[in-house]
Amino acid sequence: MNDSTLIDDLFDRPSGPVRPFEFDADVARVFPDMVRRSVPGYAELVGMSGLIARRAARPGTHCYDLGCSLGAVTRSILRQVEADVRLIAVDNAPAMIEGLQARLADVPHAERVEPLCADVRDVAIENASFVVLNLTLQFIPPESRLDLLTRIREGLVPGGVLMLAEKVLIPEDRGGRFMIQLHEDFKRANGYSEMAISGKRTALERVLVPDSVETHEARLGAAGFAGVGRWFQSLNFVAWVAWI
Ligand SMILES: C[S@@+](CC[C@H](N)C(=O)[O-])C[C@H]1O[C@@H](n2cnc3c(N)ncnc32)[C@H](O)[C@@H]1O
Ligand SMILES: O=C(O)C(=O)C[C@]1(C(=O)O)C=C[C@H](O)C=C1
């Protein structure tokens with residue numbers, strides 16, 4: 001399957017008022033192009049998820065990719081972990097899970113992956129040595145976020161690690177506005193039009209609800225993680241590892 005030919009022009013077509021963003025079949029079709037051109041450092045996040053898995057994963061345990069979309073992180077983990085590790089790839093968008101299954105068809109050791117079309121809030125996290133939330137928590141209703149992180153922490157085995165990556169809320173000061181402008185410049189440089197940038201901004205309002213770095217770090221502590229390390233930032237995108 002060649003992902004590079006499917007160009008994201010979803011917000012370039014004016015068709016009445018912008019609808020709230022949904023992970024539907026149209027988004028799934030162009031998702032690799034969309035996420036690459038929208039998230040600075042996306043390739044690094046995906047690559048590092050595999051390297052963190054290599055360090056964290058333990059024989060006989062599970063790795064969870066929560067909000068897996070088309071499985072970029074799942075495949076990165078699969079390339080790095082031993083045979084005796086099971087990967088559970090969860091997404092509640094049917095089009096994403098179908099796309100993941102298609103992309104796993106010719107991947108070595110794909111039988112180690114269990115694709116699950118479910119809400120991450122309903123999935124039991126058990127015997128986990130590595131859990132990833134790569135740009136997913138921001139789509140979970142804020143009132144459910146602490147409970148999800150607490151269940152993840154409870155499901156980790158000793159030595160287990162969570163990787164969390166998010167678009168973060170930036171203070172509305174000069175520095176914050178500069179970051180947002182640079183993110184929009186990043187999108188322009190990747191070929192997005194003014195209409196596409198503003199249409200997607202409107203579509204994501206109240207759908208992607210970002211938290212500040214301080215809120216994320218305090219909540220990881222409240223969920224019972226013993227330590228939190230911030231290892232990545234590109235503009236308003238930040239990633240952490242948290243351990244028990
Ligand atoms: C920005 S994408 C994540 C990208 C992906 N992790 C990657 O690295 O390519 C967010 C994903 O989370 C999924 N999602 C949002 N809310 C969810 C929920 N409550 N349960 C399961 N999946 C969810 C969406 O369907 C979407 O595929
Ligand atoms: O385009 C943006 O501004 C984004 O926030 C990108 C983002 C995300 O951060 O999850 C939003 C929706 C999906 O297209 C993939 C990535």
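The structure is a predicted model, in which local features need pLDDT of at least 70, side-chain atom pairs count only at pLDDT 80 or more, and totals for chains, interfaces and linings use all residues. Residues are numbered from 1 along each chain as its sequence is written, and chains are lettered from A and ligands numbered from 1 in the order in which they are written.

The chain contains eight helices and seven strands, taken as DSSP runs (H or I, at least four residues, for helices; E, at least two, for strands) numbered from the N terminus. Its radius of gyration is 18 Å, close to the 18 Å that the globule rule gives for 244 residues, so the chain is as compact as a globular protein of that length; the radius is taken over C-alpha atoms, and the rule is 2.2 Å times the number of residues to the power 0.38. The C-alpha trace spans about 50 × 40 × 30 Å along its principal axes. Of the 244 residues, 39% count as buried (20 or more other C-beta atoms within 10 Å of the residue's own; exposed means 12 or fewer, partly exposed in between, with C-beta atoms placed from the backbone). S15, in the segment before α1, counts as exposed because it has 7 C-beta neighbours inside 10 Å.

Helix α2 (residues 42–56) has 15 residues, which at 1.5 Å a residue should span 21 Å, and its end C-alpha atoms are 21 Å apart, in agreement; the expected span is 1.5 Å times one less than the number of residues. Residues L45, V46, M48, S49, I52, A53 and A56 of α2 are buried. These fall within an arc of 170 degrees seen down the axis, so they line one face of the helix, the arc being that of the directions from the helix axis to the C-beta atoms. The face turned away from the buried side carries the exposed residues L51 and R55. The buried residues of α2 pack against β1, α3, β4, β5, β6 and β7, where contact requires C-beta atoms, placed from the backbone, within 7 Å.

Ligand 1 has 21 residues around it, of which F23, G67, N92, A93 and N134 come nearest; a residue is near if its C-beta atom, placed from the backbone, lies within 6 Å. Elements α3 (72–78) and β2 (86–91) each give two or more residues to this shell. Around ligand 2 are M34, V35, S38, V39, L135, K167, K200 and L208, with helix α1 (residues 25–38) giving the most, three residues.

Methods. Two residues are in contact if their C-beta atoms, placed from the backbone, lie within 7 Å.
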